[in-house]
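Open the model in your viewer and keep the selection tool ready. The stops below say what to pick next and what is there.

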Amino acid sequence: MNVVGIESSCDECSVALVADGKRIQAHQVATQIDFHRPYSGVVPEIASRKHTEWILPVYRQALAESGLTGADIDAVAVTNRPGLIGSLVVGVSFAKALAFGLDRPLIGVDHVLAHLYAPQLETELRYPFLGLLLSGGHTIVCRMDSILDMQILGTTIDDACGEAFDKVAKFFGWGYPGGAVIDRMAAAGDERAFSFPDASLHKGEHRYDVSYSGLKTAVVNQLERFRNPGYPSTPQNIAASFQKAAIDMVVRRLLLAVADSGIRRVVVGGGVAANSYLRRSLCSARDLEVVFPSPLLCADNAAMIAGLGYHLLRRGDRDGLDLDVAARVSGFRRVYP
Ligand code: KG4
Ligand code: ZN
């Protein structure tokens, strides 16, 4: 079954063709980073306008790459939640038109569940596993018991992990997106220069949750308070110490979940999965089987949407042309009934 996947939930405009939920026939990802850079963050109005301009050419490019024609497409899968409403609407409207025009079934897909499906596109992963999804919009520690059964164990109570990187870089004027810049600067710095605090959340209720607002305030407003004697306040030292604090915070929660559940297989996803300190820490953790999908499949992409969409369609799930979008998804247990 050839499924076309459409992803437009944030600032990536992506279309993919995937056969039987597994074999990627074409994968186009058009990133809008250059258009959001002047604002040091994603501007929702710009994002939806760019999706409107790009979605048709990106679809045509994907089709050309696959060597298929519209008639070869068996179904249309589209991200309809969670994400920026205006951006989601563009992808969903396009998907509806395509499904209607081709007279093929339509299925709406949960973007977060799709991120945790992504590694299945390049490897055979057994369940259960723990998922760590870190990007500009998500900070999730979860347990996956099957493709369609996710239990969110922890999340952020304020900023997302990647967002914290972006905001710190924006404050110091280091560039956008902040994550990659900080990662590069940190390589020349000393992470012992500052001892930034962990989040102080009520541990009983928030065992696996994180909070980045305190860390951000410490870095931006109270730098000197956390500086260790003998270390200069260089941008590289600030970057290295912040990166360590931001990543350690979430890795600590993940390792708690590993200890509590006894599940030692961990899948990492989202743009922050590129972080070199995160990779070093997880790969040096004892007895952990860590899977990092390739960078294209870690970031927002349509292949994961087509892949997960295939499994929903095979079960007989269908959406109508009244398919709606949602900015957030409620509930910590996301299991398709
Ligand atoms: O998944 P993604 O590409 O898309 C959105 O969230 O929209 O993630 C982008 C996020 C940004 O916040 C960026 O700063 C962060 O991932 N990021 C990184 C690194 N590369 C990208 N954060 C830390 N270290 C990196 N090397
Ligand atoms: Zn995402």
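## Two loops with positive phi

Start at Asp103, which sits in the loop between H3 and strand S5 (106–110). This is a predicted model. Check the backbone here: phi of Asp103 is near 60°, a positive value in a residue other than glycine. With 64% relative accessibility, Asp103 counts as exposed.

Next, select Asp20. Its loop runs between strand S2 (12–19) and strand S3 (23–31). Asp20 is not a glycine, yet it has a positive phi of about 50°. Is Asp20 buried or partly exposed? Asp20 is partly exposed, at a relative accessible area of 42%.

## Two cis peptide bonds

Move to Pro82, in the loop between strand S4 (75–81) and helix H3 (85–102). The peptide bond joining Arg81 and Pro82 is cis, and omega is about -20°.

Then pick Pro177, in the loop between H5 and H6. The bond from Tyr176 to Pro177 is cis as well, with omega near -5°.

## The zinc site

Select ligand 2, the zinc ion, and show its protein donors. Which atoms are they? The donors are His111 (NE2), His115 (NE2), His138 (NE2) and Asp300 (OD), and they lie 2.1 to 2.5 Å from the zinc ion.

The four donor atoms subtend angles of 90 to 160° around the zinc ion, which makes the arrangement irregular. The tetrahedral label requires all angles to lie between 85 and 135 degrees. For reference, the ideal angle for four tetrahedral donors is 109.5 degrees.

Follow the donors along the chain: their spacing is H-x3-H-x22-H-x161-D. His138 is in the loop between strand S6 (129–134) and strand S7 (139–146), and Asp300 is in the loop between helix H10 (295–298) and helix H11 (303–314), so this pair ties together parts that are 162 residues apart in sequence. Color both by accessibility. His138 counts as buried, at 11% relative accessibility. Asp300 is buried too, with a relative accessible area of 12%.

The structure holds one cavity of 30 Å³ or more. The largest cavity has a volume of about 30 Å³. Which residues line the largest cavity? Its lining is His115, Leu116, Leu132, Leu133, Val267, Val268 and Gly269. Helix H4 (111–117), S6 and S9 are the elements that give two or more residues to this lining. S9 gives the most, with three residues.

Center on Phe242 and display its contacts. Leaving out residues up to four places away in sequence, Phe242 touches Ala164, Phe165, Val168, Ile182, Phe196, Leu215 and Val219.

As a general point, nonpolar side chains in soluble globular proteins tend to be buried together.

Go to Lys244, in helix H8. Lys244 counts as partly exposed, at 28% relative accessibility. Which residues does Lys244 touch, not counting residues up to four places away in sequence? Its contacts are Glu191 and Tyr277. Draw a distance to Ser200: the two C-alpha atoms are separated by 17 Å, and the residues are 44 apart along the chain.

Finish at Leu56, in helix H2 (residues 44–66). Leu56 counts as partly exposed, with 35% relative accessibility.

Key: Residues numbered from 1 in each chain as written. Chains lettered and ligands numbered in written order. Predicted model: local features only at pLDDT ≥ 70, side-chain atom pairs only at ≥ 80, totals over all residues. Heavy atoms only, no water. Donors = N, O, S within 2.8 Å, 3.2 Å for Na, K, Ca; no water. Tetrahedral: all angles 85-135°; square planar, octahedral: opposite > 155°, others 65-115°. Helix = DSSP H or I, 4+ residues; strand = E, 2+ residues; numbered from the N terminus. Buried < 20%, exposed > 50% of the residue type's maximum accessible area, 1.4 Å probe, protein only. Contact = heavy atoms within 4.5 Å. 1 Å grid on protein atoms, 1.4 Å probe; cavity = no way out; pocket = protein on both sides within 12 Å on 5 of 7 lines; lining within 4 Å. Points joined across faces, edges and corners; volume = space filled by probe spheres on them.
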